[in-house]
Protein chains: 2
Amino acid sequence: MKDRTYTVLIESIEKKLRSGELAVGDRLPGERTLAEKYGISRASVREGLQVLNAVGLLNSGVGSGPKAGAIVTSEPSKALSWALRMHIATRSFPVADVVGTRVLLEGQAAFEAAGCTDTEKRAAALERAEAYLQEMDDPALSDARFHFCDAKFHYEISSLSGNLALETVIDSLHLATVSYVEEAVPRLDDWAGVRRTLQEQHRGIFEAVKAGEQERAQERVITHITWFHDLIR
Amino acid sequence: MKDRTYTVLIESIEKKLRSGELAVGDRLPGERTLAEKYGISRASVREGLQVLNAVGLLNSGVGSGPKAGAIVTSEPSKALSWALRMHIATRSFPVADVVGTRVLLEGQAAFEAAGCTDTEKRAAALERAEAYLQEMDDPALSDARFHFCDAKFHYEISSLSGNLALETVIDSLHLATVSYVEEAVPRLDDWAGVRRTLQEQHRGIFEAVKAGEQERAQERVITHITWFHDLIR
């Protein structure tokens, strides 16, 4: 990032975020003001803002006019999963490696999720996870919606670990491979049967987490992800 | 990324990367050609290219003129660590969570590194790791260089795991917290003593990996990272 004209803008924003002068929810000045303040062109300001938007640090209000400044946000997994997916596309990053890393992290997250004692947060997350499971039970549910609910179910379980970095990396790795899964599924001989097996595995994970069985929750997550990716490879 | 004018450009590049039509090392057409091809303005093309550059998918030749197109590259950890660091700055992403995740992954990588049987790659990586250790032994070495060698030592050990996704995520998480370490170190009472302890720990990790002691390598990495971050917190 060092040799870009907009580096001065990005470095200043980072400094202000770290000092607390700028926080999530705050609005940046408009493009014209930023251009004057940092002595760079409006085109360079726009480029810098687009980069911050791409990594999930500004909301989509970017570039909506000279007056309406963008709002600071923090959506790391959306941005990181997109970046990871692009790198997977370059093939310098094998899908198997991504899955292996996801298994390790998601196993740990399930272990911690089963041991989570925050009952209120826990109950709400388990309720949401169960609602996704029920939706996935419907054989008439579209594949796209099934994959969506599947990702959400995994996300709810991982988020119970209480570790935001763990949750973000897991979600990024998962989202980064979704398109590979979507491409592979139509090639399977018995996708309807596979969906039923996946659901049995999801229920098993859910029950172990709910019952607080840490080792079992971890084992079941690992078996589930590994089984599915061996199948579609 | 859906509502950007340059989305059409980025999606097309992703598709071409996945089909193999475009590969790392290839040169993209110049800005003018891309603008015509995708029916978007040159400013939008530049924004799209800057975004790809920011996530480590294009080299720094971006925007060097209408003729000289950017070169496709794949440097995920540089880009991801930058994005993670920005999210840590927003405080919606605690440093402790990042460290916890790094401990988990780097422990596993050390375990796998100790079990690695590729003797040629292994010997070369261990040699590089040892050279960094020797450099860090010098009490006169600057702090900046010490941190650099430290990161490189950890990187060499993790890379022996043979899992690129694991290696990239570890490196990203590590680099994302470097500035926090650099800020914390001058506040320590006995940094010279801490440096000696860190070096003893590094040697211990190195010896366990070299001797193929998987559990010991894993334990030592976990103890090392946890000890240091508890100290600077």
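Q: What makes up chain A, in terms of helices and strands?
A: Chain A has 10 helices and 0 strands. Read from the N terminus on, its elements go α-α-α-α-α-α-α-α-α-α. Keep in mind that this is a predicted model.

Q: What are the domains of chain A, and how far apart do their C-alpha centres lie?
A: The domain assignment gives domain 1 (1-74) and domain 2 (76-232). The C-alpha centres of domain 1 and domain 2 of chain A are 34 Å apart. As for the chain A C-alpha trace, it spans about 60 × 40 × 30 Å along its principal axes.

Q: What share of chain A counts as buried?
A: Of its 233 residues, 44% do. To count, a residue needs 20 or more other C-beta atoms within 10 Å of its own.

Q: Why is His174(B) called buried?
A: Being buried takes 20 or more other C-beta atoms within 10 Å. His174(B) has 23 C-beta neighbours inside 10 Å, so it counts as buried. You'll find His174(B) in helix 8 (residues 164-184) of chain B.

Q: Which residues does His174(B) touch, leaving out those up to four places away in sequence?
A: His174(B) touches Arg102(B), Ala151(B) and His154(B). Have a look at Val98(B) too: it is 76 residues from His174(B) in sequence, while their C-alpha atoms are 8.3 Å apart in space.

Q: What about helix 10 of chain A: how far does it reach from its first C-alpha to its last?
A: Helix 10 of chain A reaches 28 Å with its 19 residues, close to the 27 Å expected.

Q: Which residues of helix 10 are buried in chain A, and which in chain B?
A: In chain A they are Ala217(A), Gln218(A), Arg220(A), Val221(A), His224(A), Ile225(A) and His229(A). In chain B, Ala217(B), Gln218(B), Arg220(B), Val221(B), His224(B) and His229(B) are buried. Helix 5 and helix 9 (191-210) of chain A are among what covers the chain A set. Over in chain B, the cover includes helix 5 (95-115) and helix 9 (191-210).

Q: Which residues touch the most other members of the largest nonpolar core?
A: That core has 113 residues, and Ala83(A), Ala110(A), Ala83(B) and Ala110(B) touch the most other members. Setting aside neighbours within four places in sequence, Ala110(A) is in contact with Ile157(A), Ile205(A), Val209(A), Ala217(A), Gln218(A) and Val221(A).

Q: How many residues of chain A are in contact with chain B, and which helix gives the most?
A: 41 residues of chain A contact 41 residues of chain B. Helix 4 of chain A gives the most to that side, with 9 residues. The residues of this side split into 25 nonpolar, 10 polar and 6 charged.

Q: Why are the two copies said to be related as by a two-fold rotation axis?
A: A rotation of 180 degrees with 0.0 Å of shift along its axis superposes chain A on chain B, with an RMSD of 0.2 Å. The two copies are therefore related as by a two-fold rotation axis. The same surface serves both copies, with 100% of the contact residues of chain A recurring in chain B.

How values were computed
Residues are numbered from 1 along each chain as its sequence is written. Chains are lettered from A and ligands numbered from 1 in the order in which they are written. This is a predicted model: local features need pLDDT of at least 70, side-chain atom pairs count only at pLDDT 80 or more; totals for chains, interfaces and linings use all residues. Two residues are in contact if their C-beta atoms, placed from the backbone, lie within 7 Å. Helices (H or I, at least four residues) and strands (E, at least two) are DSSP runs, numbered from the N terminus. Ala, Val, Leu, Ile, Met, Phe, Trp, Tyr, Cys and Pro count as nonpolar, Asp, Glu, Lys and Arg as charged, and the others, Gly among them, as polar. A residue is buried if 20 or more other C-beta atoms lie within 10 Å of its own, exposed if 12 or fewer, and partly exposed in between; C-beta atoms are placed from the backbone. Domain bounds come from an automatic or database domain assignment. Copies are superposed by least squares on the C-alpha atoms of residues with pLDDT of at least 70 in both. A nonpolar core is a set of buried Ala, Val, Leu, Ile, Met, Phe, Trp, Tyr and Cys residues joined through C-beta atoms within 7 Å. The expected span of a helix is 1.5 Å times one less than its number of residues.
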